[in-house]
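Subject: Handover of a structure for your review

Dear colleague,

Please find below the structure that I am handing over to you.

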Amino acid sequence: DHFGDRLIIKGGKIVNDDQSFYADIYVEDGTIKQIGENLIVPSGVKTVDAYGQLVIPGGIDANTNLYSPQKGLNPADDFYQGTRAALSGGTTTIMDHVLVEPGTSLLTAFDQWKDAAEQRACCDFSLHVDITRWHEGLYEELETLIKDKGVNSFLFFMAYKDKYQSSDSQLYEAFSVLRDLGAIAQVHAENGDIIDEEQKKLLCLGITGPEGHVISHSEEVETEAVYRAITIAKQSNCPLYVTKVMSKSAADVIAKARKKGMVVYGEPITAGLATDGSHYWSKDWAIAAAFVTSPPLNPDPSTPQYLTSLLACGDLQVTSSAQASFSTAQKAVGKDNFTLIPEGTNGIEERMSVVWDRAVATGMMDENEFVAVTSTNAAKLFSMYPRKGRIAVGSDADIVIWNPKETRIISANTHNLNLEVNIFEGLEFRGVASVVISGGRVLLEDGKLNVTEGSGRFIPRKAFPDIVYKRIKARSKMAEAHGVPRGNYDGPVHDVISMTKSVPPTPTTRGPPCPKTLTGPRNLHQSGFTLAGAQIDDHIPRRSAQRIVAPPGGRSNITSLS
Amino acid sequence: MSDCRRQWNREDELPVYLAGPITTGPNQRKTYGMFSSVEGAFESKTIDFENYAVGRKGSRTPRSGSRERLLDTGDPISKTPSEARESSLNGSPGERDEARSRAEVRFSSGTENLNGKVGLRSERLLIKGGRVVNDDQSFYADVYIEDGLIKQVGENLVVPGGVKVIEANGRMVIPGGIDVNTCLMKSYLGTQPVDDFFQGTKAALAGGTTMIIDHVAPQPGDSLLEAFERWQEAADKKACCDYSLHVDIPQWNENVKDELELLVQDKGINSFQVYMAYKDVYQMTDSELYEAFSFLKLLGAVVLVHAENGDLIAQEQRKILGMGITGPEGHPLSRPEEVEAEAVFRAITLGNRVNCPVYITKVMSKSAADTITQARRKGSVVFGEPITASLATDGSHYWSKNWAKAAAYVTSPPLSPDQTTPDHLHTLLACGDLQVVGSSHCAYSTSQKAIGKDDFTLIPEGINGVEERMGFVWDKAVAMGKMDENQFVAVTSTNAAKIFNLYPRKGRIAVGSDADIVIWDPDSVKTITAKLQQSAAEYNIFEGLESRGGPVLVLSQGQVVYEEGKLHAQQGTGRFIPRKPFPDYAYQRVKFRNQVKHKQGVTRGIYDGPVYDVAPIPKYITPSPSAKTSPTSHQPPPIRNLHQSNFSLSGAQIDDNIPRRSGHRIVAPPGGRSNITSLG
C-alpha cells in the first residue's frame, strides 16, 4: 500500500512559512487533497487529532551523509537508521550527499547512492553530488545529472588538500558551468592549504588529541574560504550555498555579502546551533572525538546564539544536520592522530527541536520562520517547492504535528541512531514532533515509530529554481562588458622579438610541479621576449629619444601626443 | 522550461562585472556608463595636450573650472620649461611677497671664506625660522646640519661661522619623504623602465621624497642574491638619494630560504614581497604562502603582499579576450575590485594564522581598504599602502578613446573605476587605518606599453607617481582638512621608516637623524604635466591635475638638491641604507602574541577502548588530473598525506548491512573499565 492511508487531521493550527490558520486537512493517496473547515470526506477515514498543536510541513534536512564512507569506514547509521531517526524528529525529507571519489564517474556514484537509498530509506530523499575533482570532462555527466536525473546541487570542497580540494580556477570553471546548467553550487568552505600546514605543525608539537582538530581548523580559515567562495561565485555569477556555517565570522561574511546583493545562502547545522566546541578539550577522548566535524564547532560559547539570531533574521536560511555518524571505535582510528578521526556529528533527529527550543521558544523567531528555516526555504532553494515545504492542496502529505509544550531530554540511550554517543547528551529541548506523517502514512504516533524500510522515494529536482535563478538570469543579461571602440594604435611600438613559443621556465629543484599544460591558452607573463641585445641608449635618459613623434603617415587622432 | 533555459544560455556568454547592485550616489556616470559604451561619456577625460602647451597657457580653456589655473594667465608667453615650473610653483594668489614665497639662502655675514673650502659649504647648514613638523608635534626651531646629519634642533643655536643659512620664513620643515614602493629597474620582457635609478630618484627629490625603497624583481629561477646585487650596483651608480631595497620572491622553494636568510642577516633587507597574482609566474599557493610567512617571521622580516587572486584573473582575462576586448579597459574588467579584496582577506588570514606582520602593497579599492580596516579592528598586525595614483585619480581613464592614455594607467591592482575611491582612501589614511603612501612608480614609455596594443594582458604594468606623491597627499588630504600636518608627515615618511626599521634615522627631524629635510610650502600650486616632470615618460597620468603644496627646498644628506624649482641632484650620491630585522613597530605585538599563543594539548590517558579494525595500508592515489584541469590543482606530494591514505576495511564485513548498534557498542575492555571512555 504505497499510497498511504486516508487521513483527516483535525483541529490543528496549520503553519506555513507565510501564515498560520486553523483548518482541517484531508489526505489521500499520499497528497493533501483538501484543506478547510467542515471538510466532506469519505467514511472510514482515520482521524488524527491535532487540537492545541501546530500542523507544519515535514522538515527537510538539506545535508546528511548516511552513505559516504570516510577513510574506508562506512557511517554507523545508514539510510535506514538515519531516516528512521529523521522521522522520529519530524524530518520527512533528507538530502544526502553523494560523495564521488576522485576519478570515478558521477553517474555511477549517483546510481549507487540512489539504489542504496531506495532499498533502505524510510522517508523521501533527494541527492546532492559532491565533486571532488573538477575537470571539464565532467560537463556531460553534469548535464545528464541535471537534465535527466534530477540533481540540481553540487558540492565542492575547498578543504581536504590533495584529496578533495578544488583550486580557485577549478571552482571558477565549475561554477560557470553550473550557472549555465541552472544548478546551485555548494561549498565546503575551509582553506585546506592552511589547515594542512597547521595540522603538520600541531602534530610536530605533539598535539594528537581531538583538540588538535579545532586548533588546526580555526574560525579564520573557515571565514577566509567563505569570503573567497563568495568572490568566485560573484565573478562567475553563480548562486552559492555554503554548507555548515559554524562560526560567527563566517556567518557575518555571508550576511554582508547578501546585503551587497550576492546570491548566497548559508546553512547552520544542528550541532552549531545547540552546542559549542569546548568539548574538544574534554578529558574523555571518546566524547571529544564525537564532536569532530569540519568545520569544527566553535569554541566561542556565544556562537550558537549568534547563529540562531542570524537564522531568525533571515541572514542564514536553511538548517540541516550534517549528520554523519561514526562509532567510537571508528573514531578511535584516529586515537593517536586527530587528523585520522572520521569527521561527523549526529543531529538528524534533534534538528527541529533544537531550532524550536533555541529560536522559537526564546522568542527570537516566530512559528512561520521556523517552518521556513526547517523546510520551506530548503524546498524553494532546491526546487522541491511546493511539493515539499508547504501545507497546501496538491502538496505531498509530509506533515508533522508539532507539540510546542512537550520537552525531551536527549540521550544516546534513547535516540534512534546506532551511535553510542550523542553530542547533545543531557540537553533538554522544548518542542517535539508528536505525530509524523510521511507520504500520507502515519509513521510516528503516541511515541511509537512505525517505519518501513525502502518506502522512501527519490525526489528529482529541476534546474533553475526560481528563487535562486531569477536574479542570476537578470544579472547575466544586464552585465555586458563592451570594449571601447578605438582606432588602431599606430604609434611606435617598442621593439621586441616576437617569439611565438614561450620559453619553458627554468625548472627549480623543488618548485611547484605545475605541469605545463599545453591548453593554457596563452601564458601571458611567462613568454620570454627579449630585446635584441643591449641598446646603445640604455644608459641615457630616453626622454627625447623615445618621444613619440608623428608617424610617417601623418598624425593620428589615437595618439595625440604633441 | 528547457526551451527558455537554452535561450537564456546563449545570451549568457558574458561575465558579470557589475551584476551586483550598483552603488548609488553622486557618481551617476557609473550607473550607465561603465560597461555600455555611451557615446562621448569619457571624452572630457581625454586630455587635450595642445591646451597645456607651454607657450599657450593664456589660451587654454578653463575646462574643470579651476581658479588657480586662471591666475596664470598673465605669465610671460615665452618661458623655458624650468621657468614655467618655477612660476607654477609660485603661481598661487599673488599677495604673498617674494621673500615669503621662496626659501632664501644666504651666508652668515663676513664669514664666507673662513673655511676656504667650497665643499664644506653645503655640509654645514642652518635652517632658520622654520616650523619643524614631525609626526607627533610641530614646533618652531632652527635646525643645524653638519656632515649630513642633524646636529642641533632648537632656538638660538650656537653654530660655527661660515654656515650656509637657509631662511625658512616660517614654512614647514619636514622630514624628507620616503617612497616605499618604486620599481625603477623592473624589466618587462627584457625592456627596462624609462625611469631608471637616476631619473626616478631625480623625480623623487623634485617632489620632496628623499628616500626610496625599490623592489628587486628577480625572475623565477633567478638567484635572489644576484638580483639584489645587480640592483644595488645599479642604484649605487645612479641614485641621487638614499635608497633601500625590498626583494620580491618570485617562487617559493628550499633554495630561496638560504638566500633569504643571507639577505636578512648580511645584506640589510627586512622586507620581501610575495605575489598572490600572476598565475604560473610569480603566484604562490596558499601552502607556499603559509610556509613563506612562517619562514619570514622567523627571520623577522616584513611580508609585503601583492594581493590579487591570480586564478580568477587568469580566468577572466581568457574570457575577456575571448569576447574580443583587447584594449586597456580589459585590464580593470579582468581584475575587479572583489578579486583584490578577496586576496587581501586571505593574506590577512594567513598572517593571523602564522602570527606574522603583513603589509599590503598597493591598496587600490575601497573594499580592499575596508578589509584591512576591519582586520586592524580585530587586532591583526597588517599595514596598508595606498599609492599616489589611487589617491589622486580613478580608473575611468581605462575607457579613454586614446589608447596611449588608457594604457598609461595600466597597473595591478588596477585603479578602481569607482570615482569615490580616492576620497575613501584619503579618509582611511587620515584616520590611520592605512599607514603608508607609496607611489609604485614604474614608468614605461608609450612605445613600451604598445607591446600590448593588441592584447591588454601584454601591456607592461606601471604608472608614475614618485614625484607627485607628497603633493597629492597634501592636496587631497591636508588641504581638504582631513588630515593634519603631523599625520601628513607620518604617512609620507615616519610610518614607513618605522615599519621598515629606518626610524629614527629617517622619518624624523631630530638630533642624530639624517639630514633629509624638506621645506614645504603648503600654498604653492602646480599643474601636473608631463612637459615639466622629471620622469622620462611621455605621459603623466595626473596630467592637468592641480596639486597644492610642494617642496621649496629639499636637502638630501645635508646637501641642497632641490631649490626653487631647480634640481642639483648628483648621480650616484645615494647610499644604500641597510635595515635590521624585527622592526619594533611591526614585531613587538607579534612577539607578545607568540608567548601568549602557546598551544597546548589536553593531557589524557591513552584511549584503551576498541578500535575499528582497519588495514593500515596508506595507499597514495596519485592524482590523475585530466589534461584540462588547471595547473595549480596539481599539488606536490605532501610530506604527510593526511586525507588521502586509503585505509580500507579488510574486505567486506558480514555485518555490513545490519545495524551496528550492539555489535559495536563499546564495552568495558578486558582490563577493566577505564575512565577515559566512560560511556554508559
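This is a predicted model: local features need pLDDT of at least 70, side-chain atom pairs count only at pLDDT 80 or more; totals for chains, interfaces and linings use all residues.

Residues are numbered from 1 along each chain as its sequence is written, chains are lettered from A and ligands numbered from 1 in the order in which they are written, and side-chain values use heavy atoms, with hydrogens and water left out.

Overall composition

Chain A contains 16 helices and 18 strands; chain B contains 22 helices and 17 strands. Helices (H or I, at least four residues) and strands (E, at least two) are DSSP runs, numbered from the N terminus. Of the 562 residues of chain A, 65% are buried, and in chain B the figure is 63% of 680 residues. Here buried means under 20% relative accessible area, exposed means over 50%, and partly exposed lies in between, with a 1.4 Å probe and protein chains only. A contact is defined by heavy atoms within 4.5 Å. Among the contacts of chain A between residues at least 6 apart in sequence, 78% join residues at least 24 apart; for chain B, residues 24 or more positions apart account for 77% of the contacts with a separation of 6 or more.

The parallel sheet of chain A

Seven strands of chain A form an open sheet with parallel pairing, in the order β8-β9-β10-β11-β12-β13-β14. Its edge strands are β8 (59-64) and β14 (264-266) of chain A, each of which pairs on one side only. From one strand to the next the twist averages 25°. Two strands are taken as paired if DSSP finds at least two bridges between them. β8(A) is joined to β9(A) (residues 91-100) by four bridges, and the two run parallel; within this pair, Ile60(A) stands opposite Thr93(A).

Two helices are placed against these strands. Helix α13(A) (residues 351-360) packs on the sheet and touches β8 and β9 of chain A, its direction making about 110° with that of β8(A). Helix α8(A) (residues 248-259) lies across β13 (240-242) and β14 of chain A and runs at about 150° to β14(A). For these angles, axes are lines fitted to C-alpha atoms, for helices over the stretch in contact, and angles run from 0 to 180 degrees between N-to-C directions.

Cavities

A search of the whole structure finds 18 cavities of 30 Å³ or more. A cavity is a set of points, on a 1 Å grid over the protein atoms alone, where a 1.4 Å probe fits but cannot get out, and lining residues have an atom within 4 Å of a point. The largest cavity holds about 370 Å³ of space, a volume being the space filled by probe spheres set on the points. Its lining comprises 24 residues, of which Asn65(A), Gln70(A), Phe157(A), Tyr160(A) and Glu343(A) lie nearest the centre. β9 and β11 (153-157) of chain A each supply at least two residues of this lining.

Strands of chain B

All five residues of strand β10(B) (residues 271-275) are buried, so this strand is largely enclosed by the rest of the structure. Ser271(B), Gln273(B) and Tyr275(B) point one way from β10(B), and Phe272(B) and Val274(B) point the other way. β10(B) pairs with β9(B) (residues 242-248) in the parallel sense over two bridges, and Asp248(B) has Gln273(B) as its bridge partner.

Strand β6(B) (residues 172-175) is joined by two bridges to β2(B) (residues 124-133), running parallel, and by four bridges to β14(B) (residues 517-527), running antiparallel. Arg131(B) stands opposite Met172(B), while Pro175(B) has Ile517(B) as its bridge partner.

Backbone points to check

Most residues other than glycine have a negative phi, and most peptide bonds are trans. In chain B, a cis peptide bond joins Ser412(B) and Pro413(B), with omega about -10°, and the bond from Tyr503(B) to Pro504(B) is also cis, with omega near 0°. In chain A, Asp29(A) has a positive phi near 55° and is partly exposed at 42% relative accessibility. Ala322(A) has a positive phi of about 50° and is buried, with a relative accessible area of 2%.

Yours sincerely

How values were computed. On a 1 Å grid over the protein atoms alone, a cavity is a set of points where a 1.4 Å probe fits but cannot get out, and a pocket is an open set with protein on both sides within 12 Å along at least five of seven lines; lining residues have an atom within 4 Å of a point.
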